[in-house]
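Me: Please take a close look at the charged side-chain pairs in this model. Where do they sit, and what surrounds them?

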Amino acid sequence: MVRMWPDVIRSAADPGRRRIFERGDVIGAGALIACMAVSVIAADGATLKVVVAVLGLCAELGMVLSGRALPTPLTWFGVALTIGTGFAVMALVHDGLGEVPVLAGAAVLPMCVPAGPVRNACIALLAAGFGVAVMVIFDSVAGLLSAVGVWLLADRSIEHAALQAERDRAVALLAEVEASRASRQEAAALEERRRIAHELHDVLAHSLAGLSMQLQAIRAIARRDGAPATLTEPLDRAAGLARDGVQEARAAVSALRSVPLRGVADIDGLTRGFPGEARLRISGRAGRLTPEAGHAVYRAVQEAMTNAARYATGSAIDVDLAWEGSEMRAVVRDRGLPAGRGPSGVQGSGTGLRGMAERIEAVGGSLTVGPAPEGPGWRIALRVPVVEDAGSTNAAGTSAGGVTADGKAGA
């Protein structure tokens with residue numbers, strides 16, 4: 001059964017979900033450390049070197065705190081700490097690289113303060129302070145021009161964040177549209193199958209049944225009148241063909257009226273068609289699922305990926321399918337919001353997780369939803385029982401009945 005329901009629903013929409021640190025964060029942190037090392041070397045005296053080193057650590061800590069997904073008081077403190085330590089290093093070591101933390105803070109500042117007059121005032125104040133500091137350090141009025149660089153850097157960050165937000169929203173909307181399109185296609189295909197089945201039942205099957213009855217009547221009359229075998233035998237064969245045709249038409253009508261179900265094999269196409277980054281891994285010796293269980297797993301993975309696109313927009317999604325003896329386990333995990341990014345703003349119906357759990361429980365499985373224990377991000381894990389028929393299951397996972405690992409119905 002589903003665990004942590006209240007927390008799940010609340011946390012899934014929580015904009016404060018932790019962000020992940022990407023390759024660019026590591027590179028930036030390394031660059032900042034290198035700049036602080038240069039400042040330490042340039043400082044005069046052991047005491048000043050220690051002070052600059054501590055300031056450098058504070059600047060690094062500030063950048064880490066400012067890198068949360070969405071603005072919080074902690075992110076504001078982190079930006080202020082980075083900028084403040086940068087100015088301090090500039091004042092203490094004129095030959096150092098204290099400008100770097102200030103510029104790094106200027107790049108992050110627009111993401112930490114909501115758009116509006118307050119943000120513009122903060123950027124203007126920072127630009128003016130940086131220009132004055134450079135002017136004083138280098139004893140040149142031309143240093144004021146550096147304020148323009150700070151303003152342009154902050155403006156560039158704002159534009160980049162806006163473009164990224166639009167891209168994330170587009171990805172989330174594409175995921176929604178793709179899921180909706182697939183549902184409409186399935187509904188249209190099912191309606192078409194029902195229409196064809198109706199036509200077969202009302203036209204072909206009835207015609208064949210009438211033909212069979214006519215042939216039987218003719219054969220009975222021929223025998224009563226003593227017709228030769230050269231006439232009655234072809235009538236017998238024709239009547240038999242008509243009966244077979246009726247049975248085959250009824251079987252075709254029955255097959256067309258049954259609802260086609262998705263399977264585990266369709267998950268590969270699901271990940272390939274996902275508008276964002278999605279990776280599929282399959283492990284273990286393939287077993288068999290009932291058609292209902294395979295369909296439930298497919299729908300659960302589809303819903304989990306759509307949720308990840310909504311609330312962890314821009315994150316890579318890992319889909320792991322593992323065959324573990326008597327059950328199959330599926331895990332869908334995102335990596336949390338990337339640096340400086342926010343949720344897409346696309347809202348679901350609020351019933352997706354509950355529907356997913358009910359579908360899985362209906363086939364004897366269980367569903368667990370919550371923060372990923374191995375790191376940032378969200379994880380949806382489910383288990384469904386495998387059909388116990390190990391004796392007839394070969395290495396490729398195909399056997400009679402049920403749905404195989406490749407999602408096809410057994411013979």
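**Salt bridges and their setting**

Reply: Arg 279 has a relative accessible area of 33%, so this residue is partly exposed (buried is under 20%, exposed over 50%, partly exposed in between, with a 1.4 Å probe and protein chains only). The model is predicted: local features need pLDDT of at least 70, side-chain atom pairs count only at pLDDT 80 or more, and totals for chains, interfaces and linings use all residues. Numbering starts from 1 along each chain as its sequence is written, and side-chain values use heavy atoms, leaving out hydrogens and water.

Arg 279 pairs with Glu 277 in a salt bridge, at 2.7 Å from N to O (a side-chain nitrogen of Lys or Arg within 4 Å of a carboxyl oxygen of Asp or Glu). Glu 277 is partly exposed too, with 46% relative accessibility. The count of salt bridges comes to 13.

Next, take Arg 281 and Asp 320. Their side chains form a salt bridge at 2.9 Å, N to O. Arg 281 belongs to strand β1 (residues 278-283) and Asp 320 to strand β2 (residues 317-324), so this pair ties together parts that are 39 residues apart in sequence. Strands are DSSP runs of E with at least two residues, helices are runs of H or I with at least four, and numbering goes from the N terminus. Arg 281 is partly exposed, at 42% relative accessibility. Asp 320 is also partly exposed, with a relative accessible area of 24%.

A further bridge joins Arg 329 to Glu 324, at 3.1 Å from N to O. Arg 329 shows 24% relative accessibility and counts as partly exposed. Glu 324 is partly exposed as well, at 32%. Salt bridges with shared partners link Glu 277, Arg 279, Asp 318 and Arg 335 into one network.

Now the strand β5 end of the picture. Pro 385 lies in β5, which spans residues 378-385. Pro 385 is partly exposed, at 36% relative accessibility. Leaving aside residues up to four places away in sequence, Pro 385 touches Leu 289, Ser 326, Glu 327, Val 363, Gly 364 and Gly 365 (contact is heavy atoms within 4.5 Å). Val 363 is 22 residues from Pro 385 along the chain, and their C-alpha atoms are 8.0 Å apart.

For another view of side-chain packing, turn to the helices. Helix α4 (residues 73-92) and helix α5 (residues 99-112) have axes that come within 8 Å and cross at roughly 160°. Axes are fitted to C-alpha atoms, for helices over the stretch in contact, and angles run from 0 to 180 degrees between N-to-C directions. α4 and α5 are therefore roughly antiparallel (over 145 degrees; under 35 is roughly parallel, 65 to 115 roughly perpendicular, the rest oblique). On the α4 side the contact residues include Trp 76, Val 79, Ile 83 and Phe 87. On the α5 side they include Glu 99, Val 102, Val 108 and Leu 109.

α5 also meets helix α7 (residues 146-224): their axes come within 8 Å and cross at roughly 40°. That angle makes α5 oblique to α7. α5 contributes Leu 103, Ala 106, Ala 107, Pro 110 and Met 111 to this contact. From α7 come Val 150, Leu 153, Ala 154, Ser 157, Ile 158 and Ala 161.
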